[in-house]
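Please prepare a short briefing on this structure for someone who has not seen it before.

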Amino acid sequence: MFWAVFVLGHDCGHGSFSDNAILNSVVGHILHSSILVPYHGWRISHRTHHQNHGNVEKDESWVPLPENIYKKLDTSTRLLRFTVPFLLFAIPMYLWFRSPGKEGSHFNPYSNLFSPQERKLVMISNACLSPMVIILAYVSFTVGPSHVFKLYGIPYLIFVIWLDLLTYLHHHGHEHKLPWYRGKEWSYLRGGLTTVDLDYGLFNNIHHDIGTHVIHHLFPQIPHYHLVEATKAAKPVIGNFYREPKKSGAVPFNLINNLITSLGQDHYVSNSGDI
């Protein structure tokens, strides 16, 4: 359910929740602050991800490392980045420190993630998130940290695991290797078509059908409640470039195998070449 809350805030970040920018910002801050995500900080980096999806040099989310950077990683970083379950706790570290090979923080308004004009927005999101931190600290003090851990901490950890699993597999782990691009070979359309749809079984509706990821990347302004309809309309146009997701059971245990297989193989891309 934390992930469902995140997806609605994610729609606010794309401007697909409402045509009113102020309403998007207010609702987005309420939703994302409640799950300890800095709304504007995340929104801006996520915009970078969408504008550069599939681009090895400029993408922001789960970008495969060039071979020379991968070979310079220390043992602990490789272990955390390419091993289950450590990878599934990546999002808090990403929000604070970004990914290997990148610098900056979603909480630091002077991070190179943000332009000077965006610094004030990052400060506003930090200020909006602070009351949630204070509430959690106060409740921990009054009723005990163990209760807060049971009622908020465990759901938060499940949310973190679920977010990392889903966002990774929308861009990696397909049975046929997905292309990544550099330079002139990259385009917005080609990059968007490197994403894959996933079936989450009984969780599809709970998660606002975010498994329809291809159409979301091509047209991020489409609200979640039109994604299934839009995907059906787009599939005949996309043709062979659309990768039909395999049907999952009620609980998508098959995705775990996809993740483990991918982490054992998908470590880096060549230092040169545009595809």
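Angles under 35 degrees count as roughly parallel, over 145 as roughly antiparallel, 65 to 115 as roughly perpendicular and the rest as oblique. The model discussed here is predicted.

**Helix 7 and helix 8**
- The axes of helix 7 (residues 119–143) and helix 8 (residues 145–169) cross at roughly 130° and come within 6 Å.
- The two helices, helix 7 and helix 8, are therefore oblique to each other.
- On the helix 7 side, Met-132, Leu-136, Val-139, Ser-140 and Val-143 take part, and they meet Pro-145, His-147, Val-148 and Tyr-152 of helix 8.
- This contact of helix 7 with helix 8 has seven nonpolar and two polar residues, and no charged ones.

**Annotated spans**
- An unreviewed UniProt entry places the feature "transmembrane region" at residues 79–97, 121–139 and 151–169.
- Residues 151–169 are 100% helix and 0% strand, with end C-alpha atoms 28 Å apart.
- Residues 79–97 are 63% helix and 0% strand, and their end C-alpha atoms are 17 Å apart.

**Largest pocket**
- The largest pocket holds about 770 Å³ of space.
- It is lined by 36 residues, of which Trp-62, Ala-90, Ile-91, Tyr-94 and Asp-164 are the closest to its centre.
- Helix 6 gives the largest share of this lining, five residues.
- By class, the lining of the largest pocket has 19 nonpolar, 13 polar and four charged residues.

**Second largest pocket**
- The second largest pocket has a volume of about 410 Å³.
- Among its 23 lining residues, Gly-173, His-174, Glu-175, Lys-246 and Asn-258 are the closest to the centre.
- Helix 12 (residues 254–265) contributes the largest share of this lining, seven residues.
- The lining of the second largest pocket divides into five nonpolar, 10 polar and eight charged residues.

Methods: Residues numbered from 1 in each chain as written. Predicted model: local features only at pLDDT ≥ 70, side-chain atom pairs only at ≥ 80, totals over all residues. Heavy atoms only, no water. UniProt positions renumbered as here; feature names shortened; annotations may be inferred. Helix = DSSP H or I, 4+ residues; strand = E, 2+ residues; numbered from the N terminus. Axes fitted to C-alpha atoms, helices over the stretch in contact; angles between N-to-C directions. Contact = heavy atoms within 4.5 Å. Nonpolar A, V, L, I, M, F, W, Y, C, P; charged D, E, K, R; others polar. 1 Å grid on protein atoms, 1.4 Å probe; cavity = no way out; pocket = protein on both sides within 12 Å on 5 of 7 lines; lining within 4 Å. Points joined across faces, edges and corners; volume = space filled by probe spheres on them.
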